Amino acid sequence: MRYISTRGQAPVRDFAGVLLAGLAEDGGLYVPESFPTLTPHDLRALRGVAYPELAARVIHPFVGDCIGYEALLRLTRESYAHFNSPAVVPLVQLGTDIWAQELFHGPTLAFKDMAMQLLGRLFDHVLTKRDERVTIVGATSGDTGSAAIEAMAGRARVDIVILHPEGRTSEVQRRQMTTVHAPNLRNLAVDGTFDDCQDLVKAMFQDLPFRREMRLSAVNSINWARILGQIPYYVAAAVALGAPDRDIEFAVPTGNFGNVQAAYAARRMGVPIPRLIVASNRNDILARFLASNDMSVRAVEPSLSPSMDIQVSSNFERLLFEIQGRDPGLTAATMAEFRATGQMRVADAAWREAGAVFTGFRLGDDETLDAIRALYASAGYLADPHSIIGIEAARALVRPGVPMVAMATAHPAKFPDAIEAAIGSRPPLPVHLADLYERTELFTRVPASLAAIEDQVRATVLRNAA
Ligand SMILES: *Cc1c(COP(=O)(O)O)cnc(C)c1O
């Protein structure tokens with residue numbers, strides 16, 4: 001399997017090359033040269049298969065010769081062995097033709113564990129074969145940092161340094177990062193905002209001598225392997241609910257367009273998915289684009305679903321590439337104009353191609369709280385403020401006889417303030433995190449200065465190189 005950049009000016013790479021590169025050198029995103037297919041026969045053969053094995057079978061064609069099937073199966077089994085549900089990604093019926101697929105049974109209680117747990121093991125596997133190490137550096141305002149830390153702490157070939165803005169993450173989120181202790185991990189509490197942290201990480205990647213010396217690498221959702229780790233659960237849900245003999249639709253709470261991109265990949269592989277719902281909070285740039293071919297950036301407004309408070313969805317470029325006929329020159333030009341003007345409009349045919357698959361949906365904060373309360377009262381089901389937006393989208397847009405699966409992306413205990421506002425009480429943390437507030441925190445305070453942060457990264461790397 002070969003991978004090409006959406007902007008056409010970066011080297012063609014194999015899976016291992018794409019995994020380690022993250023972003024392509026031309027600023028584009030890597031996509032598979034063609035999508036492998038799952039025939040109706042293949043889909044029927046996945047019925048009743050345990051999730052880790054199903055995942056290995058779906059993922060293997062994308063990995064090609066880089067990792068053998070047996071080795072990959074070992075990695076998927078290890079990735080999901082510690083999930084808090086025997087099904088890994090259980091389906092819960094919430095109404096006629098309406099289901100939730102719970103993707104939050106991993107160590108940090110959000111769906112990012114699904115891909116990140118696999119990513120950590122893929123890094124170790126590929127780096128061991130090459131006898132190399134990398135240093136993962138990232139900035140976080142919450143979910144991504146803790147999922148990356150859980151996935152990378154203790155890995156043999158990886159050092160990880162995560163920057164968070166001191167005092168500006170929720171306590172659950174901070175403790176999920178700072179109570180993990182491993183020699184290859186350093187948590188930096190930066191005296192600054194999340195934007196400062198992000199700028200510092202960008203500056204570090206632009207310091208090319210430092211970047212090469214430290215072998216910096218990234219694990220944000222522009223990395224194709226993150227998308228890849230999310231395709232199998234769409235296949236699993238579809239097969240469980242009747243594919244290939246029945247159509248299945250999905251409603252996906254969306255921020256960076258990563259999760260719903262994985263659903264699109266499942267469709268391209270041959271899973272019968274006529275329609276995908278892109279569910280947003282008040283930051284509804286994608287819904288506006290789908291409704292009127294107008295992608296214009298507005299200021300990000302904080303909402304009850306912070307992991308969807310995004311205006312520029314970094315993964316949208318992959319869809320843009322597809323709807324513009326896989327034309328890299330046109331994709332690069334459209335993205336350049338979007339960066340320069342904050343606006344994007346595509347040719348009518350391209351926009352209609354997007355609309356043929358994707359439907360937008362938007363839910364404001366007040367409606368979000370009402371919906372959490374109403375679902376809890378009617379069905380006894382407690383959804384977090386991200387998942388409920390998918391569930392409401394499913395209820396609004398379901399068609400008789402076509403199962404609609406809402407992706408439940410976080411555990412309600414991760415957002416206790418919103419839950420308390422909706423139902424008047426705070427949900428307890430699951431058993432494996434019940435003592436989170438008693439665990440020892442370990443982090444290093446640093447000023448928002450590039451030199452200070454680079455010193456910390458170097459110290460972490462040197463400690464483990466010795
Ligand atoms: C990251 C995240 C999202 C958004 O997913 P994207 O892949 O960025 O679209 C939704 N819900 C939760 C809980 C998240 O952590």
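Reader: Is Tyr30 buried or exposed?

Author: Buried means under 20% relative accessible area, exposed over 50%, and partly exposed in between (1.4 Å probe, protein chains only). Tyr30 has 0% relative accessibility, so Tyr30 counts as buried. Tyr30 is found in strand β2, residues 30-32. Tyr30 and Ala225 are 195 residues apart in sequence, yet their C-alpha atoms are 9.8 Å apart in space.

Reader: What kind of model is this, and how are residues numbered?

Author: This is a predicted model: local features need pLDDT of at least 70, side-chain atom pairs count only at pLDDT 80 or more, and totals for chains, interfaces and linings use all residues. Residues are numbered from 1 along each chain as its sequence is written, and side-chain values use heavy atoms, leaving out hydrogens and water.

Reader: Where is Thr409, and which residues is Thr409 in contact with?

Author: Thr409 sits in the loop between β14 (404-408) and α19. Helices (H or I, at least four residues) and strands (E, at least two) are DSSP runs, numbered from the N terminus. Thr409 is buried, with a relative accessible area of 7%. Contact means heavy atoms within 4.5 Å. Leaving aside neighbours within four places in sequence, the contacts of Thr409 include Phe104, Phe111, Pro253 and His386.

Reader: How do I describe two packed helices?

Author: Use the angle between their axes and the distance between the axes. Axes are lines fitted to C-alpha atoms, for helices over the stretch in contact, and angles run from 0 to 180 degrees between N-to-C directions. Take α17 (residues 365-379) and α19 (residues 416-423): their axes come within 8 Å and cross at roughly 70 degrees. That makes α17 roughly perpendicular to α19; the cut-offs are under 35 degrees for roughly parallel, over 145 for roughly antiparallel, 65 to 115 for roughly perpendicular, and oblique for the rest.

Reader: Which residues in α17 meet α19?

Author: Leu369, Ile372, Arg373 and Tyr376 in α17 do. On the α19 side are Ala418, Ile419, Ala421, Ala422 and Ile423.

Reader: How do strands of a sheet pair?

Author: They pair through backbone hydrogen bonds, either parallel or antiparallel. Two strands pair if DSSP finds at least two bridges between them. Here 5 strands form an open sheet in the order β8-β5-β6-β7-β15, with parallel pairing. β8 (216-217) and β15 (444-447) stand at the edges with a single partner strand each, so one side of each has no neighbour in the sheet. Strand β5 (residues 134-139) pairs with β8 over 2 bridges. Thr135 stands opposite Leu216 in β8.
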